[in-house]
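Colleague: I am new to this structure. Please walk me through how to read it.

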Amino acid sequence: MIRFKSIISRIVILHVIAVAITSILMSLALSWLLNRATINIHNDAMEEQAASVAHHLVARPDGSLALELPPDLQGLYSQPYGRYSYAVVDERGKTLFSSLKDNAPIFSVEPGAAAVQFLETHHSGAVISGASVRRAVGGKTVWVQAAEDMANRDVLIDDIVDDFYKNVGWITLPILLVLLVTDIAIFRRALRPLRQASEIAQQISPARTDVRLPVSEIPSEVRPLVSAINQALDRLDQGFRVQREFTADAAHELRTPLSILRTRVETLDDQRIAKALHLDIESMSRVVGQLLDIAELEAFTIDPTERADAQGVCAEVAESIAPLALEQGREIALLGVSTPVWVKGNAEMMKRAIRNLAENAIKHAPPETVVEFVVEESGTVKVLDRGPGIAPEERELIFQRFWRRDRNQQGSTGLGLSIVQRIVELHGASIAVENRVLGGAQFSLHFVAADKTA
Amino acid sequence: MRLLVVEDNAQLSQLLAKGLGIAGYETDLLATAAEARGALLTTSYAAVILDLGLPDGDGLAILRELRHRKDPTPVLVLTARGGLQDRVNGLRSGADDYLVKPFALEELVARLEAQLRRPGQQLGSSLHIANLEFDLRNRQASIDDQPQVLSSRETAVLELLMRSKGRVVSKKQVEDHIFGLAGDVASNAIEVYVHRLRKQLSDKGAKVQIHTIRGVGYLIAEEKRDPV
């Protein structure tokens with residue numbers, strides 16, 4: 001069984017087969033009809049010729065018959081011409097008159113034959129076809145026969161029959177092809193709602209699970225499929241909603257008690273204990289925040305048309321993180337281009353990724369060093385530090401969830417870089433880790449440049 | 001100065017009242033959207049601290065109603081919802097600021113003060129960092145209570161930095177603040193003013209430091225004693 005990829009190609013192929021069969025059948029039917037028509041014309045002509053020969057039969061007073069053909073008819077039946085012949089045969093089968101040289105009958109006569117007969121015979125290798133007409137002349141019954149040698153047929157009729165395909169028959173093919181083209185156009189039109197539905201279906205993403213395919217325009221044959229897809233989307237939507245609601249509920253249930261704890265600690269009288277507890281709460285809050293970030297990212301996708309200014313995003317991150325860095329004795333510098341760099345992506349998500357990289361860099365950078373942000377025209381954002389760098393064998397591991405070099409390190413969750421990784425994936429971007437020549441790590445995020453005019 | 005705290009968690013609102021009390025604010029505590037609506041119709045507060053997840057409705061609805069009435073009371077939204085869309089929705093609904101739980105009480109107070117110090121709001125007086133004071137009414141800087149003589153542009157830079165205490169002020173913001181929209185600014189003009197200001201402050205013994213964040217802007221902070 002041949003498998004066709006599209007309905008249109010299936011229709012075209014089947015239609016071409018149908019067209020081929022139809023054009024053969026139609027030609028056969030037409031030529032059969034044409035043949036019948038020429039035979040009828042021939043038979044009518046022969047009957048008429050027999051009748052006109054019979055017209056010249058005269059009964060003599062002695063009871064015998066005489067045939068007095070006028071000269072033009074004599075000419076028609078003359079031997080050299082040989083195309084037409086006649087014969088008059090009596091009841092006993094005796095030939096009374098004949099244009100044939102041996103005075104023979106054209107067709108043998110059976111007594112009691114019908115008044116008009118169309119017969120065919122072979123005569124010295126040629127096909128002779130004609131009519132035998134019964135007549136009563138002078139009280140005698142005779143058969144007047146007229147025939148034509150088929151080898152010498154009327155040239156005009158021959159031409160029509162022979163050139164039928166060349167002159168007339170070919171018209172069926174273009175007619176059928178026009179029909180084929182028309183049918184393709186009709187089918188394309190009929191399938192348009194399906195194409196439109198496909199375009200709508202392309203917009204569906206975890207961020208846009210509210211999209212449903214339009215059912216009203218869809219042909220009834222395909223409607224069950226479209227309805228089934230819509231129902232599947234409903235269930236999917238429900239799944240995403242549950243996930244989002246869980247994230248929101250979890251956020252509330254975790255963050256409110258943390259707020260209480262934090263505020264309670266901050267209003268403690270003993271500032272020494274308060275400070276220690278505060279650090280614990282701080283790292284706990286970070287873990288909770290990052291877990292919730294991850295949960296949110298699971299159900300998040302980026303609108304492909306969304307764009308963001310990578311330079312602006314970096315500037316915002318640098319601005320927001322600078323106080324923290326200064327507090328810990330590290331400096332922040334934003335280098336590279338200072339004009340907007342448009343890339344495909346979600347600004348808030350990019351901010352989170354770059355912020356995570358920056359927090360990581362600040363944590364690993366030695367005091368009194370600079371953590372640098374570099375924005376490049378191409379859409380690449382780099383975060384550089386002067387820390388210990390990352391060993392080649394760890395460059396894959398660092399992006400795994402909960403991976404930490406030192407499991408006892410305070411305030412480290414091992415989630416930050418996996419969040420970065422996930423955001424990079426969502427953006428269709430890439431991340432590279434290198435060590436700097438003079439020491440330190442360099443993380444490069446390569447975002448996809450966006451159209452400036454969009 | 002009286003604040004309205006709308007928070008359904010009794011423990012948290014008690015603690016907020018305590019913390020804000022220490023910072024010098026009186027608070028009314030309400031736990032439902034209905035009560036908050038009533039209170040906001042009858043009482044004028046200096047600012048509102050609003051939790052979004054209330055048992056009888058969304059805090060954002062209260063916020064929208066308030067803004068619909070053209071009520072300019074600063075509203076600081078507190079929420080557990082740190083999600084991207086939530087943040088945008090909150091600010092679009094007319095929130096002046098947005099704090100995601102868990103937040104530091106210190107930050108809440110700082111942001112509250114930033115709102116209350118905006119033009120037309122109630123907190124006037126002065127700003128302090130270490131031994132440096134800036135009086136907002138007569139735009140006078142003092143170190144250890146000694147009034148200082150600064151040029152008008154240096155004063156403007158100092159005021160902007162001190163109003164944004166703990167946050168970075170972008171170079172662009174400084175330019176806009178000092179030169180407004182008027183004409184071209186020499187590319188290093190701001191750096192010159194900041195440099196002069198920095199020198200004057202350290203000469204006069206101010207225990208503050210103006211940090212330059214390359215490519216970003218400036219930040220004023222208490223001088224860090226050398227790391228131990």
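Modeller: Start with chain B: of its 228 residues, 35% count as buried. Buried means that 20 or more other C-beta atoms lie within 10 Å of the residue's own; exposed means 12 or fewer, partly exposed is in between, and C-beta atoms are placed from the backbone. This is a predicted model, where local features need pLDDT of at least 70, side-chain atom pairs count only at pLDDT 80 or more, and totals for chains, interfaces and linings use all residues. Residues are numbered from 1 along each chain as its sequence is written, while chains are lettered from A and ligands numbered from 1 in the order in which they are written.

Colleague: How many helices and strands does the secondary structure of chain B come to?

Modeller: Eight helices and 14 strands. Helices (H or I, at least four residues) and strands (E, at least two) are DSSP runs, numbered from the N terminus.

Colleague: What is the strand order in the open sheet of chain B?

Modeller: The general idea comes before the case. Strands of a sheet pair through backbone hydrogen bonds, either parallel or antiparallel. Here, two strands pair if DSSP finds at least two bridges between them. In chain B, five strands form an open sheet in the order β2-β1-β3-β6-β7, with parallel pairing. β2 (26-30) and β7 (97-100) of chain B are at the edges; each has a single partner strand, so one side of each lacks a neighbour in the sheet. From one strand to the next, the twist averages 20°. Axes are lines fitted to C-alpha atoms, for helices over the stretch in contact, and angles run from 0 to 180 degrees between N-to-C directions.

Colleague: Which helices of chain B pack on the sheet?

Modeller: Helix α3 (residues 59-68) of chain B does, touching β1, β3 and β6 (75-79) of chain B. Its direction makes about 150° with that of β3(B). Helix α5 (residues 105-116) of chain B also packs there, against β3, β6 and β7 of chain B, and its direction makes about 175° with that of β7(B).

Colleague: Where do the buried residues of α6(B) fall, seen down its axis?

Modeller: Recall the general rule. An α-helix has 3.6 residues a turn, so residues three or four places apart point the same way. In α6(B), the buried residues are B:E154, B:V157, B:L158, B:L161 and B:M162. They fall within an arc of 125°, so they line one face of the helix. The arc is that of the directions from the helix axis to the C-beta atoms.

Colleague: Now chain A. How many residues of strand β3(A) are buried?

Modeller: Six of the seven in β3 (residues 84-90) of chain A. β3(A) pairs with strand β7 (residues 140-149) of chain A in the antiparallel sense, over seven bridges. A:Y86 has A:A146 as its bridge partner in β7(A). Three bridges also join β3(A) to strand β4 (residues 95-98) of chain A, again antiparallel. There A:V89 stands opposite A:T95. The hairpin of β3(A) and β4(A) has four residues between the strands, and A:G93 takes a positive phi near 90°.

Colleague: How many residues does each chain bring to the contact?

Modeller: Chain A gives 31 residues and chain B gives 32 residues. Two residues are in contact if their C-beta atoms, placed from the backbone, lie within 7 Å. On the side of chain A that touches chain B, α6(A) supplies the largest share, twelve residues.
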